[in-house]
Amino acid sequence: MKAQPRQGQPHKPQAGEPSIMDAVRLRRVNRSLAQDLSGKLADLYVDARETSPREAYRAPGRQDFLNRLTGDIRRPGFAMVIAETDHLVGCAYGFPVRSDGFWWLGFDGALPQSIEQLTASGGVFAITSILVQVHEQGQDVARRLQERLLSDHQASLGATLVDQDDHPTLASLRSWGWLDVGEVRRPADPTMFRALVFPLGERTTARLEGLAHDAWTRWPG
């Protein structure tokens, strides 16, 4: 996941001020609208990046984000869900993982058999980005976006890649139930990623039970 929910210094509602969760609406958008929204999404990305204390980790800039977004929009099966009130407050997007498993290129070691089987059956959906306006309830909005995107595609397993130095995002995803399954290094890319998966449904959760136990030993302290 190249752009993520940020924690920063969130806005806290004053007494009598309505909660963002009371007003937020989720909506699926097609490729054309996603492209039309690219400028606003880039603004959201830059705002989130600048208000998040990142220390050693530094996210790519606005143009890099736009380039990646344009590339993702062109992928087969691309899908996006946005969150809005009277303005855009968040989005999540991604695409189905091809059954040939190419998405897992660069995985360190053998891909767990359960994940390999789910990939071959077409049941894995990769979430590229979750972006949410910095807000006290931003994490709740991010979770809702994630759940809607995956449920809309009837995925059995969510998957994402996170820069291993992006500790705030890793911590957020872990708290939501994502499991760390190993390292991925893409060819010609110096970044080391953590590969994370999110099981949906009792059958998939049962198949990944061993991974859930092992995941606790893979997270950096």
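**A tour from ring faces to the sheet**

Start by selecting R75 and F95: R75 lies over the face of F95, 4.3 Å from the ring centre (a charge counts as over a ring if NZ of Lys or CZ of Arg is within 6 Å of the ring centre and within 35 degrees of the ring normal). This is a predicted model, where local features need pLDDT of at least 70, side-chain atom pairs count only at pLDDT 80 or more, and totals for chains, interfaces and linings use all residues. Residues are numbered from 1 along each chain as its sequence is written, and side-chain values use heavy atoms, leaving out hydrogens and water.

Next, pick R186, which lies over the face of W103 at 5.6 Å from the ring centre.

Now move to Y45 and F65, a stacked pair with 4.7 Å between centres and 10° between the planes. Y45 sits in helix α3 (residues 38-50) and F65 in helix α4 (residues 62-73), so the pair ties together parts 20 residues apart in sequence (helices, H or I, have at least four residues and strands, E, at least two, as DSSP runs numbered from the N terminus).

Finally, show the open sheet: its 7 strands, with mixed pairing, follow the order β1-β2-β3-β4-β5-β7-β6 (two strands pair if DSSP finds at least two bridges between them). Colour β1 (25-29) and β6 (179-185) to see the edge strands.

Conventions. Rings of Phe, Tyr and Trp (its six-membered ring) pair if their centres lie within 6.5 Å; planes under 30 degrees apart count as stacked, over 60 as edge-to-face and the rest as tilted.
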